[in-house]
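I opened this notebook page to record what I looked up, entry by entry, with the cut-offs written beside each term.

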Amino acid sequence: MDIDFKDYQLRCELRGHEDDVRGICVCGDGNIATSSRDRTVRLWTPSASDKRKYEAAKVLLGHKSFVGPLAWISPSGELPEGGIVSGGMDTLVMVWDLRTGEARTLKGHQMQVTGITLDGDDIVSASVDCTLIRWRNGQPTEHWEAHKAPVQAVIRFPSGELVTGSSDKTLKLWRGKTCTQTFVGHTDTVRGLAVMPDLGILSASHDGSIRLWAVSGECLMEMVDHTSIVYSVDSHASGLIVSGSEDGFAKIWKDGVCVQSIEHPGCVWDAKFLEDGEIVTACSDGAIRIWTNQQDRMADSAELELFDSGLSSYKRSRKRVGGLKLEELPGLEALQVPGTTDGQTKVIREGDNGVAYAWISSELKWDKIGEVVDGPEDSMKHPVLDGVQYDYVFDVDIGDGEPIRKLPYNRSDNPYDTADKWLLKENLPLSYRQQIVEFILANSGQSDFNLDSSFRDPYTGSSAYVPGAPSQLAAKQARPTFRHIPKKGMLVFDVAQFDGILKKINEFNNALLSNQEKKNLSLTDIEIARLGAIVKILKDTSHYHSSKFADADIDLMLKLLESWPCEMMFPVIDIFRMVILHPDGAAGLLRHLEGKEDVLMESIKRVTGNPSVPANFLTSIRAVTNLFRNSAYYNWLQKHRSEILDAFSSCSSSPNKNLQLSYSTLLLNYAVLLIEKKDEEGQSQVLSATLEMLDGLVKRIALDFDVENIAKAARTSKEAKIAEVGADIELLIKHS
């Protein structure tokens, strides 16, 4: 069966459950069965009077706690109208006769039943107790430990094998009680499974991804677009895939690309295809919804308006801005009241968003700062940013297509110190300082904050400005001064604006698609999705020790380095720069380069041979600098030292201080490497020349950055000089 994709719209809502709807079972007779936290299983049949509707047919009561997985039993002599198998939190498996509404109870699991599938006349159940049980005629015939962690799902593959997904992050393929294949790749619990006809197995995970696996264990595709746990996945004969997630969306996928996202007023626990391609979703708001792409089955305008209204109301009730409920924020009328101090900040409700405004006394108006996308909820654990826990991490959208900026803050910190460092880090004007301080104080509930008079501003050397405080004697603003510990070892560039990088790649790719002569260089939708998956791995720094790149990921990066037009390479090189810092990325790249033409050196020559694109210089020199993180590249770096330094030599005299700084960091890393090889013939002389060039360059950059106390320490040895210059460069990197 093959269908062209058309957007799905609401067909109807089924209401009757009194709590979250947890599971869906599509029955072979056109009916739908659903399970719920309200302890019931309900059967729904198509309405005889309205072809768009379904009607409640049966309510099956018997479980003692919430009900989860369901399976359909086709009609037989024993069950003339068919049956439903259900599993519950109460550890029970129940087999329901749909003609009588009576059930047979199967007891054997010690904990919650999480998965049900049929294998011929047998029932196979999975449980949090880590086991599978095979039931025949109501009796357990096989019972075995399938994983060392809770089993979350089980399905039967068409060839007869069973497939399980577990909290141990793996899938397993079973022939009888023998595991014949383990699928490794997810970085968190495998929650849902489905068969993809003629291709393999689909898995949904707490890591936010859906993967397609060949039976051999090879991951054929990763689909990433959800922003939270993915609970369920299903496929259709047309090739479409649907997934349901904690993020409140059911997403529809075609050829590995998300083609539609359907928002719900709550978590989407389950999503299933009907035989004709329509979709059923189970939501935490207690409703089942059917979605159709057939015009004559779509809900009427009144029903659609009612759904949209409910969705908007739900979002408003849930949304928080800086720890405050959106619905509690003042409206635009609050901007009619003048501010009391220059830089005073207000957060205003505009539609479904919170927007920050600052008062400009000289113009007597409120100036829009940007949209406040999110803030911490009182009930949440302390948020973590870059591995550090904070009391607050505000997500702020400053608009103009810029990526969302994260503003971390602890209540024990001085807000002026926090504001100064954040503005410098994000390369925003320091004139926003007071606005940011006001914003921090307002959204952290510190309206009674009193500045310690002994506080000295780390960037100006003077006391911070306090709103409403008496004027102080004017003081000349000091240039920044720092004390630092000598730096040992290599330096790298490990910060990236991933959202902006992907946006630029998409922009360039669209340009290639519209150019008939270069269209063949463009990326496919699957390749774009793969780049998104690469970035997802790179963002998740807490799992660098365990996350892996597929061979296809490395192949794609090398393909782009070799084939994309020179003027479009810098965002690709920027991703490559970060892949190098990932242990598996660096190792995978090294494997792919063995026995092949030197793609890296050729790419360097290509980008430096075209000086009209400064961004290529900056990203490529930083990428080479990052290679020093991994000692496996030392021989390559030594072999090509002269070529690399010559290729980037123009950076030393560039008016761009960031280019100068990047070149200095490259020289520093080479100096550290040369120290290790100083006993080799000729290395000492090269080291001396490198250090002399490096020292002068760092002093010049320090003047450009207006930073004192740089490169002035007495250095009695080359090692000491490297340590001091390393500290200087590390400081300048932070200050740039």
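Is Cys 219 buried, partly exposed or exposed? I found Cys 219 to be partly exposed, with a relative accessible area of 25%, where buried means under 20% relative accessible area, exposed means over 50%, and partly exposed lies in between (1.4 Å probe, protein chains only).

Before going further I noted that this is a predicted model, in which local features need pLDDT of at least 70 and side-chain atom pairs count only at pLDDT 80 or more, while totals for chains, interfaces and linings use all residues. I also noted that residues are numbered from 1 along each chain as its sequence is written, and that side-chain values use heavy atoms, with hydrogens and water left out.

Cysteines. I searched the whole structure for disulfides, a disulfide being a pair of cysteine sulfur atoms within 2.5 Å, and the search gave 0. For Cys 267 I looked up the closest cysteine sulfur, which belongs to Cys 283 and lies 7.1 Å away, too far for a bond. Cys 267 counts as buried, at 8% relative accessibility.

For residues 84–106 I have 0% helix and 61% strand, with the end C-alpha atoms 13 Å apart. For residues 183–213 I have 0% helix and 61% strand, with the end C-alpha atoms 8 Å apart. Helices (H or I, at least four residues) and strands (E, at least two) are DSSP runs, numbered from the N terminus.

A sheet. I traced an open sheet of 4 strands in the order E18-E19-E20-E21, with antiparallel pairing, where two strands pair if DSSP finds at least two bridges between them. Strand E18 (190–196) and strand E21 (219–224) stand at the edges with a single partner strand each, so one side of each is left without a neighbour in the sheet. E18 pairs with strand E19 (residues 200–205) in the antiparallel sense over 6 bridges, and Gly 192 has Ala 204 in E19 as its bridge partner.

Val 492. I located Val 492 in the loop between helix H3 (433–443) and helix H4 (498–513), and at 14% relative accessibility Val 492 counts as buried. Leaving aside residues up to four places away in sequence, Val 492 touches Leu 581, Thr 625, Asn 626 and Arg 629, contact meaning heavy atoms within 4.5 Å. Val 492 and Arg 622 are 130 residues apart in sequence and 7.5 Å apart in space, C-alpha to C-alpha.
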